[in-house]
Amino acid sequence: MKHLLGLKGLSETEIQEIMTEAFWMKREVLEKGKKNNCLSGKSVITLFFENSTRTRLSFELASKYLGATAANIAASGSSVAKGETLLDTVKTIDRMGADVIIIRHSSSGAQAFVSNYTKASIINAGDGMHAHPTQALLDMMTMQEKKGDLKGLKVAIIGDVKHSRVARSNIYGLKTMGAEVVLGGPATLMPAEIEGMGVKAYTNVDEAIRGADVVMGLRIQLERQQKGAFPSVAEYHRCFGINEERLRLAAPDALVMHPGPVNRGVELSADVIDGVQSVIEEQVTNGVCVRMAVLKMLTDGNER
Ligand code: CP
């Protein structure tokens, strides 16, 4: 595999191989002193056209823990702000000898497009509403760590599914791994293509959550949506937010997950975010492990 653009096309075995490598990274690198040189001599560049805390920083730390040279460019501080195109920017980075370029962009398919014009491996760190493959991998790793086999696990994904690349990547990955996925949220925030996704969708969130082994809240993406999807955030929380009372409908040992950043008191109440069932902080740690695994697997045997 040269690039990681999405989970579509990856088999159950391939997804499991990445997670197995990520568990190894957690044990052998993160927990035993953060020293490994498997990326020694490689250069890893992050190029982000949208804001990020978790994804950008965890890729940078993952690169450094594995001995790579890592550098970051934010679009706002680069020549993109002077009008340079995405493609010219990627070609410029390529000419400096980058081995891996990690890109976040607001346009779906941006990373797939530029992957045809560079000798570097491209990793999709989120493209529009399309895909966020390393997020879904770290989510599945966290579920596997806590629950064991993903087969037969009922995962309820609640909230703004329409605008969510996290939801799309998780639906694809979890179904490939044999989990049952149900969606919950307002009809105005359900994607039109829901029928073809092979998942059940409920506008009554209680129905979606009932008996779930994992309850995953999604961020309300105010930056991507038109006004009018719901009357107010207070109304949204009352009708669709995950609070302690709603969580009691799930399995007693259900995990609470969220990709972050969380709008506290909107998608999840504060007591649920900070409660004993929440694994949101473990998701962040596993993000570093998954990104180490992906960087190693993409550079292993791949030359520019
Ligand atoms: N989950 C996620 O992608 O978070 P960031 O936007 O902080 O990277």
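Start by selecting Asn-36: setting aside neighbours within four places in sequence, Asn-36 is in contact with Trp-24, Val-29, Tyr-65, Leu-66 and Gly-67, where contact means heavy atoms within 4.5 Å. Before going on, note that this is a predicted model, in which local features need pLDDT of at least 70, side-chain atom pairs count only at pLDDT 80 or more, and totals for chains, interfaces and linings use all residues. Residues are numbered from 1 along each chain as its sequence is written, and side-chain values use heavy atoms, with hydrogens and water left out.

**Around Asn-36**

Asn-36 sits in the loop between α1 and β1 (43-48); helices (H or I, at least four residues) and strands (E, at least two) are DSSP runs, numbered from the N terminus. Show the side chain of Asn-36 and you will see it reach the backbone nitrogen of Cys-38 at 2.9 Å.

Lys-34 is not a glycine, yet its phi is positive, about 55°. Most residues other than glycine have a negative phi, and most peptide bonds are trans. For a peptide bond that is cis, jump to Gly-260 and Pro-261, where omega is about -10°. Pro-261 belongs to the loop between β9 (255-257) and α10 (270-273).

**The ligand**

Which residues are around the ligand? Select Asn-51, Ser-52, Thr-53, Arg-54, Thr-55, Arg-104, His-132, Gln-135, Pro-259 and Gly-260, each with a heavy atom within 4 Å of the ligand. Now look at the side chains of three of them. Arg-54 places an N or O atom 2.7 Å from an oxygen atom of the ligand. A polar side-chain atom of Thr-55 is 2.6 Å from a ligand oxygen, and one of Arg-104 is 2.9 Å from a ligand oxygen.

**Two domains**

Next, colour by domain: domain 1 covers 12-132 + 284-300 and domain 2 covers 134-279, with bounds from an automatic or database domain assignment. Taken over C-alpha atoms, their centres are 26 Å apart. The contact takes 27 residues from domain 1 and 26 residues from domain 2.

About 2300 Å² is buried between the two domains, and carbon and sulfur atoms give 60% of it; buried area is the accessible area (1.4 Å probe) that two parts lose on being put together, summed over both. On the domain 1 side, highlight Glu-12, Met-129 and His-132, which lose the most area to domain 2, together 29% of what that side buries.

Between the domains there are 13 residue pairs in polar contact, both residues at pLDDT 80 or more. A polar contact is a pair of N or O atoms within 3.5 Å; within protein, one must be able to donate a hydrogen and the other to accept it, and residues adjacent in sequence count only if both atoms are side-chain atoms. The elements giving two or more residues to the domain 1 side are α1 (12-30), α2 (54-65), β3 (100-105), β4 (121-127) and α11 (280-299). The largest share, 8 residues, comes from α1.

**Salt bridges**

How many salt bridges does a search of the whole structure find? The search gives 15, each a side-chain nitrogen of Lys or Arg within 4 Å of a carboxyl oxygen of Asp or Glu. Between domain 1 and domain 2 the count is 3. Zoom in on Arg-165 and Glu-50, whose side chains meet in a salt bridge (3.0 Å, N to O).

Finish at Arg-168 and Glu-193, a salt bridge with its closest N and O atoms 3.1 Å apart. Arg-168 lies in helix α6 (residues 165-176) and Glu-193 in the loop between β6 (180-184) and β7 (200-202), so the pair ties together parts that are 25 residues apart in sequence.
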